[in-house]
Amino acid sequence: MALGERGAWDKSESRYCGVETEFDEDVPSLLSSNLNSGGFDFVLAPLMDPNYRPSLVEETSSESRALPFAGSDLILSPSQWSSHVVGKISSWIDLDSEDDTLRRDSEITLKQEIAWASHLSIQACLLPSPKGARCANYARCVNQILQGLSNMQLWLRIPLVKADDESMGENLDDLNDSWELWNSFRLLCEHHSHLSVALDVLSTLPSVNSIGRWFGESVRAAIVHTDCFLTNAKGYPCLSRRHQKLITGLFDHSVQVVLSGKPLHRLPGASSPVSHVDNNVNDMQRHPLRLYLDYVGYLYQKMEPHSEQERVELGYRDFLQAPLQPLMDNLEAQTYETFEKDSVKYIQYQRAICKALLDRVCDEDASTITTVLMVVGAGRGPLVRAALQAAEETGRKLKVYAVEKNPNAVVTLHSLVKLEGWENIVSIVSCDMRCWNAPEEADILVSELLGSFGDNELSPECLDGAQRFLKKDGISIPSSYTSFIQPITASKLYNDVKSHKDLVHFETAYVVKLHNIAKLSPSQPVFTFTHPNYSTKKSNQRYKKLQFEIPSDTGSAMVHGFAGYFDATLYKDVHLGIEPSMPTPNMFSWFAIFFPLRQPVCVKPGSPLEVHFWRCCGPTKVWYEWCVSSPTSSPIHNSNGRSYWVGL
């Protein structure tokens, strides 16, 4: 029974809650008591008798001895094994033990249990947490297993622990920061995409920044222990505000909760824990952890439902898309339609045009002066409409030139002008703005050529070419725009890029609806362009060196790449953008851009991250190059635009 649905669109895996159980040879009974009676969706159960040790089994040639698994594969249907059981690998194994016998037993048992789970078509197995910071042999064996897996996920159990700075470093063998343990293990396993994390959520939590790192990692499950729960005024289990925020955050990242431990709460008037409630209570309330499950379900169902925009964007979360090439390629009707639905963007443009018209023509001259406005890159006409609505709102007279290079969009423009009766106001020009010879100069130049990184769809080059038909005191909308970057942990995005197994994809910038990421430091400005630009030393090449400081209480963090954004000033105080500290609300025309790193960089506490970005221009293309120079040096990505460029 799922925790609930927040709407028909809710297909998140976090709807399903599991329970950690002991070894039980009667697996059908185990499922019945926990799923049918208890209300859980799956069990996290050992697959092998915990007393089994290969070295203790008598070797006899006369008979073959069956391994002590929990029943045969026939006791459940394949779909039951697949949907309702997560295998729990024996917790006693220690593949880095100094004891040779224990180490050999551990390796044999690990491989036997994984092979059995794979035979059962189980979707995931929980690996026990490494016994110490030195886990090379454990990781080696797991990496060997990963090479042969096709569908199964391996969840490495990691306690959510990070000591305060004052207590760190006293004993190097102590587990001060469990993220370090995970990072060491996954590096040894080459960032394998089938290796994930199951976080052990304990009664005390590390700092907010330290927890934040995990949202960019491949976390599949959160094992919440009953001793995390407090007791509310009515005697029922509940969680602290910090635990609540953590669990709801994990829900939002499709992480499944698994409840673990013994019941620790007594209901008012009861003489025993909640596992021994009155016999008149129905079966659904008899499960020892039922009240804990009910509380987790309550947290899930009280989460804010997704807005309509968020529901539309769900399918784009963490999906890599190649940026548009609007100069080289003509956009399709579907792309135009998507962008035209963004009413917020055009409201901002209309506000900017209104202010520009009022500044351009005073009230006394409103009936006699006609303002010449040119929409360069008019598409199918949304900016033309916004301009005419601004003229009507301000009572100003307007003459509009709609310049568009896409002949298919020009057909739609002609139809729109005829339909709306704008023939005497709007002149349509089917031409590249850089080649057009305008019959007169413009008072206002309006464009929507911005990309996710501001200048990455060649707005500077286009507007430089169009600037020649703007009056010297003319107004450009937008008047300026700035790109921003910030370092992020993005394990999923990194693995998606890595799956292509080539250099090109690591040197390409992607448009992404970022979701399963950790933002490690506030974004910083990179390149700024201003229009019109009458500088005598005009160049659109840029270089910027940036230094990011990751908060000390975060601990170490892995940088998989950089998220890029932009913020644009349309006119005076009217702006639009996607930079996280000042985004335009409810605008969806742009997702962020992602610049990956070929090799992720681990940044230690107190160690600055130094980054270099270049915007390079050639006769036929524009491209970006980027690298890290501290704490370690990375290669310069995309040298000479060998992998990714935007064509002029």
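The 48 residues that line the largest pocket divide into 23 nonpolar, 12 polar and 13 charged, where Ala, Val, Leu, Ile, Met, Phe, Trp, Tyr, Cys and Pro count as nonpolar, Asp, Glu, Lys and Arg as charged, and the others, Gly among them, as polar. The model is predicted, with local features needing pLDDT of at least 70 and side-chain atom pairs counting only at pLDDT 80 or more, while totals for chains, interfaces and linings use all residues. Residues are numbered from 1 along each chain as its sequence is written, and side-chain values use heavy atoms, with hydrogens and water left out.

A pocket is an open set of points on a 1 Å grid over the protein atoms alone, where a 1.4 Å probe fits, with protein on both sides within 12 Å along at least five of seven lines; lining residues have an atom within 4 Å of a point. The space in the largest pocket is about 1300 Å³, a volume being the space filled by probe spheres set on the points, which are joined across faces, edges and corners. Nearest the pocket centre lie Leu 324, Thr 335, Thr 338, Phe 339 and Ser 589.

H10 gives the most, with 6 residues. S12 also belongs to an open sheet of 5 strands in the order S13-S12-S11-S14-S15, with parallel pairing (at least two DSSP bridges between two strands).

Methods: Helices (H or I, at least four residues) and strands (E, at least two) are DSSP runs, numbered from the N terminus.
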